Amino acid sequence: MNKIDVLIIGAGGAGLVAALNAHAKGVSVKVITKEYPTRSQTCMAQGGINAALGNAGEDSVEAHIKNTLKSAHSIASEEAIRLLCEEAPEAVEWLDSIGVCFSRTKDAKIAQRTLGGASAPRACYAQDYTGLKILHTLYDRCLACGIEILNERFLLDVITNENSVCGVSILNIRSGEIENFESKSVILATGGYSRIYDKHSTNSTATTGDGLACAIRAGARVSDMEFVQFHPTALKGSSILISESARGAGGHLLNSKGERFVNELLPRDEVARAIHNEMAKGENIFLDIRHLGEEFIEEELPQERKLAKLYENVDPVYDLVPIKPVAHYTMGGIEVDKNSSTIVKGLYAAGECANHRVHGANRLGGNSLLELIVFGKQAGESAAEFALSLPIAEAEASVPRGVDSFFGSDDLSSPIAEAKASVPREIDFYRVREELGNIFYKDVGISRDEITLQNSLKIVKEYISQLPKMGVNDNSKIYNTNLIEFLEFKNMLELSRLVLKGAISRQESRGAHFRSDFPQEDDKFKMHTIVDKNGVVS
Amino acid sequence: MKIRIQRETLVEYEVDMQDATLLAVLGEIKTNQDSTLSFASGCRSSVCGSCSMRVNGKEVLACGYKVQDGDLVEPLKNVPVIRDLVVDMDKAYAFNAKAKAWMNRLTPTKAVTHLDEKINEIQSDCILCGSCYSACPVYAVNPEFLGPFSLTRVWKYVSDVREDDSKEKIDTIQSNGVWDCTLCNECTLVCPQGISSKSDIEKLRAKSAMAGYTDPNFASFGGGFGFDGSPSF
C-alpha cells in the first residue's frame, strides 16, 4: 500500500487551502472530513477577511499589525502576526483570482468595512456571506485540481510510532467500519471547540474539537485553552450569530431603558463584558440597526435580517433585535511552530484547531478567515516538503514495527466497543452535554473566578468518571449519529478539563479571560499556557 | 403537536413545542425520545446546507422551517437514502466536477465593478443543500443530468468577468446538460436562497447558441420544426 504524502483531516477553509498548496508541490494529497467540505464551520463566517488594501480609507500593514497585537494583550508572537498581516493582501488577491465574489466599491475595487478593534475599514467581504463564498470557491478549486475528498468520516485517532506520524484511524460514518489510512504526514484542520458551550455558542454542532483531542492523545501539546471568545451579538433565543459588521456599519447596543452603554466598536472581549455586566443588572440587551435603513440592510446584511425574522420574529429594519454574547471562537489550539508543525514528527495543524499565536488573548474580527488562508498554505507546503524530504527507505517502508499490530487491531475499535458496551446506560450523555454547556456558560464564560472554576472542574471530573455509565442507545452500524455525538462529547469533555486547568492557573485577567477575583493584567502571566496529556507543562 | 417521519417505516412522534424549527424538533426527538433517529445538521442558520429534507412533499431546510401539526417529513429524492433523513450526496456533488464548475484560467486581479458583482451575486449564494436536485423531475428519465445546482455554478463562472476562457465549460454542458432541462421551474420554487437554476440554464442556452451550438431536440426534428411542420418555440 502506497503511503499518502499529505493526509488532511478537515475540509473547511484551512483544510482545503492546505490541500491546494500541498497539491501544488506535486505530492499525493487526500482530504477527509466528518461532514462535506461545504458544510464546514467556515461557511458561517460573515464579517470579512482582513487585509490592509486601503480600498475604503487609508490603511497600512503596520496598522493591521498594531491593531492585532493590541487586541492580543501581549501573548501573541509579533513575528507570526507580521507574517499574517504582510501576507494578507496577497491572500485576498489569490481568493479574487480563483473567483470569490467579493463585494465591490464604486471604483471597482474590493469593498472593505470596519470591524471592532480595527483602525481602518479593513475587512474584505461578500455581503454577509464572506465565509460561504470563500469556502465554496476553495471547494471548486479543489475539484479543478482533482483533489480527492472523502466525506462523512470521523477521526478516531492519529496513529504514531516513536513520536512520528504513521497515519490516522477513521470511523466511516456511513458504513460503521473503521478505516486506517497510512500517510507520511497529517495536517489537522478540524476547527475549534466552542461547542463545549453547547447551545450557548454560535458555532455549528460539529465544532467539537476532535482534532485537538486527537492531537493530545498522539503526544502533541495544546496551548491557551482558557481563551474563549464570546461574540457580543448572538440572537438571544437561538445563539445565532449577528455579524459584527452590523455594529461596524453603525449599529447600536441598547439596554432595556433604550440607553447605549458601551462603544460598540471596541474589541469583542470588551463589548461582551459590557453586555454581560448590563445583563447581570437585570437589563435586556438589544441591537439597533433601524437607523441604517432598509436599503443598506438588504444590501449588506441580508442574512442577518432573514435570521432575526426566523428566530426572533423581529425585523431589524423596524424592530430592536434581542441579543446576548455567546461562545464564538476558541483562541486556544494545537501548539505549532513557525512551519505549522507540532512536536510530533509529521503532524501539522492549521485553522481554528491550531494556535499560531496570532490571536493571543482576543481575536480580531476578520483575522480568522485570513488565518485559514495564510497558515493553511504554510501547513500544506510544510507537510509536502516534509513528505518529500523523508528518505525513500523510511517513507516507503511498510508500517514500522510495533505499529503493525496497531493497524486493523481490535484496539482501535475500542472507543466504539466501549461506547456500546457501557450498559446499563444509567446516565444520558445528551443531558450531561447540555448541563456541561450551561455550567460553562455560567461559570467558565465571560467572567470567572476561583470558586466557579474549581467547582466546574470538580463537576467535569465527575462526568469523566461517570463515562462508563453513559454510552449509546443506538446499535446500528449504519450512520449512527448517536455514537458520533457520544465520541464528540468525550472529546469535548477532555478539552473542558484543559480549558479549566488553564483558566484556574491563570490568576489574572487578560483579553477574553476575565477573572473577577483577579481583574487586572499581571506581567507574571504574560506567557502561554501549554498543556500536554499529562497536565500543564508551562 | 404530532409529526410523522419517514424512516424504514412511517413513524409518528409527539412533541410539546411551539413556534419551533423542524431542526429543533428533530433535535428534541433525538435527545429526549428516540436517539436512533438520524438526520444531518450543522450551522442552524441556513448556510451550511446539511439539513435539507422534504416536508409534505416540498424541499425545505429543517433549520429554516417552522413545524406545523401533522407535518410529514421525508428525505430528499433522487439521492440514495443512507438512513432515515440522511442521504448520500456524493454522486450529486460529483456533477460539479463533471460540469467543470470552476475558474478555468487564473488571471491576475481584474477590475470587477459593482455591476459585474451583481451579475452572479445570487448564484454565489448557493449552499449546495441539494433541494433543487431533489425537486428536479429530469432525474426520473436521465440520472446523468448535470442538474440545477451544477449548472447554476457553471453560469456563475461563465458570467464572471474574471473568467476569460469559458469555452470548455460551454462545451461540457452540451450533453446531459442545458438541453436536457425541461424548464419546469421546480428548482426555483424550492431554493432556500432564491436562486433560479432554470433561468441560469436559459442563460447558458443563449451562451451555447452564441458559441454555435443548437438545441439537439430541435435538430432531430429538422431544424426547429415540429412533426406537423409548424414552427415550435
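1. Residues are numbered from 1 along each chain as its sequence is written, and chains are lettered from A in the order in which they are written. Because the model is predicted, local features need a pLDDT of at least 70 and side-chain atom pairs count only at pLDDT 80 or more, while totals for chains, interfaces and linings use all residues.

2. Chain B is divided into domain 1 (2-87) and domain 2 (90-219), with bounds that come from an automatic or database domain assignment. The centres of these two domains of chain B, taken over C-alpha atoms, are separated by 29 Å, and their contact takes 14 residues from domain 1 and 13 residues from domain 2. On the domain 1 side, β3 (52-55) and β4 (58-61) of chain B each supply at least two residues, and β4(B) gives the most, with 3 residues. Helices (H or I, at least four residues) and strands (E, at least two) are DSSP runs, numbered from the N terminus. That side of domain 1 has 5 nonpolar, 5 polar and 4 charged residues, where Ala, Val, Leu, Ile, Met, Phe, Trp, Tyr, Cys and Pro count as nonpolar, Asp, Glu, Lys and Arg as charged, and the others, Gly among them, as polar.

3. The contact between the chains takes 43 residues from chain B and 40 residues from chain A. On the chain B side, the elements that give two or more residues are β6 (81-83), α2 (90-98) and α3 (114-119), with α2(B) giving the most, 4 residues. By class, this side of chain B has 18 nonpolar, 17 polar and 8 charged residues.

4. Within helix α1 (residues 22-32) of chain B, the buried residues are B:Leu22, B:Leu23, B:Val25, B:Leu26, B:Gly27 and B:Lys30; a residue is buried if 20 or more other C-beta atoms lie within 10 Å of its own, exposed if 12 or fewer, and partly exposed in between, with C-beta atoms placed from the backbone. What covers these residues of α1(B) includes β1 (2-6), β3 and β5 (72-74) of chain B.

5. In chain A, strand β7 (residues 153-161) is mostly covered, with 7 of its 9 residues buried. β7(A) pairs with strand β8 (residues 164-172) of chain A in the antiparallel sense over 8 bridges, pairing being assigned if DSSP finds at least two bridges between two strands. A:Phe154 stands opposite A:Leu171 in β8(A). The two strands form a hairpin with 2 residues between them, and A:Glu162 in the turn has a positive phi of about 45°.

6. B:Tyr157 is found in helix α5 (residues 148-158) of chain B and counts as buried because 23 other C-beta atoms lie within 10 Å. Leaving aside neighbours within four places in sequence, B:Tyr157 is in contact with A:Gly99, B:Ala101, B:Trp102, B:Met103, B:Glu163, B:Ser166 and B:Lys169. B:Tyr157 and B:Met103 are 54 residues apart in sequence and 6.1 Å apart in space, C-alpha to C-alpha.

Technical notes
Contact = placed C-beta atoms within 7 Å.
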